[in-house]
Amino acid sequence: MAIRILLLFLMISSHISAQELNLLKIRKEYSSAVKSEDICENNLNLLRSKAKATTEKGYLAVYEMVYAKHMGNPFKKLGQFNKGKNLLESLIVQEPNNVELRFIRWSVQTHAPSILNYSADVLEDKKFMINHLYSMQNRDVKEIIYQYIKGANSFSEGELKELVR
């Protein structure tokens, strides 16, 4: 019996470690992770083990924050949220001109409950995205961000046009 349990554990852990980090999929599932604990937890675990590049770590940070939404204990929620927030802020200090990191922070700050007191950069990040989103090279990423922003109803029609100029 113990051997079967060990074999099962080895099969599961080898499957998890064999998974590749599909950042495009993680980007696409970001908005769904708020509603689905399974999507959030699966992507969070994958990011925890595989995130190396700055943008990957940015998604790790946001998934850490989103995971707090799925927790019950308010003190654990706050600790979980702050873990992601601190990581994201440190990444933005390292790469302040990274459009995707600024988008991630804007999206969190726009939707974060006011009790978290995490909204100081909403306008700055919004302006930054208006001025820089169009210059992103990866069209898929640009489209994901644009569709998210468009659905958030936080930008005027003129600002939306500026985003895709």
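Tyr30, Tyr59, Tyr63, Phe103, Trp106, Tyr148 and Phe155 form one aromatic cluster in this predicted model.

**Aromatic pairs**

- The count of aromatic pairs comes to nine.
- Phe103 and Tyr148 form an edge-to-face pair, because their ring centres lie 5.2 Å apart and their planes meet at 85°.
- Phe103 belongs to helix H6 (residues 99-111) and Tyr148 to helix H8 (residues 139-152), so this pair ties together parts that are 45 residues apart in sequence.
- Phe103 and Tyr148 are both buried.
- Trp106 and Tyr148 are likewise edge-to-face, because the planes stand at 80° with the ring centres 6.4 Å apart.
- With Trp106 in helix H6 and Tyr148 in helix H8, the pair ties together parts 42 residues apart in sequence.
- Trp106 is buried, as is Tyr148.

**Charges over rings**

- Arg102 lies over the face of Phe128, 4.1 Å from the centre of the ring.
- Lys126 places its charged end over the ring of Phe155, at 4.9 Å from the ring centre; Phe155 is also one of the residues in the aromatic cluster.

- In soluble globular proteins, nonpolar side chains tend to be buried together.
- Leaving aside residues up to four places away in sequence, Tyr59 touches Leu23, Ile26, Arg27, Leu47, Glu100, Phe103 and Ile104.

**Overall architecture**

- Along the sequence, the protein follows the pattern α-α-α-α-α-α-α-α-α.
- Of the 165 residues in the protein, 41% are buried.
- Among contacts between residues at least 6 apart in sequence, 58% join residues at least 24 apart.
- The accessible surface of the protein comes to about 9900 Å², and carbon and sulfur atoms account for 55% of that area.

Definitions and conventions: Residues numbered from 1 in each chain as written. Predicted model: local features only at pLDDT ≥ 70, side-chain atom pairs only at ≥ 80, totals over all residues. Heavy atoms only, no water. Helix = DSSP H or I, 4+ residues; strand = E, 2+ residues; numbered from the N terminus. Buried < 20%, exposed > 50% of the residue type's maximum accessible area, 1.4 Å probe, protein only. Contact = heavy atoms within 4.5 Å. Areas by Shrake-Rupley, 256 points an atom, 1.4 Å probe, with all protein chains shown as cover. Phe/Tyr/Trp six-rings, centres within 6.5 Å; stacked < 30°, edge-to-face > 60°. Lys NZ or Arg CZ within 6 Å of the ring centre and 35° of its normal.
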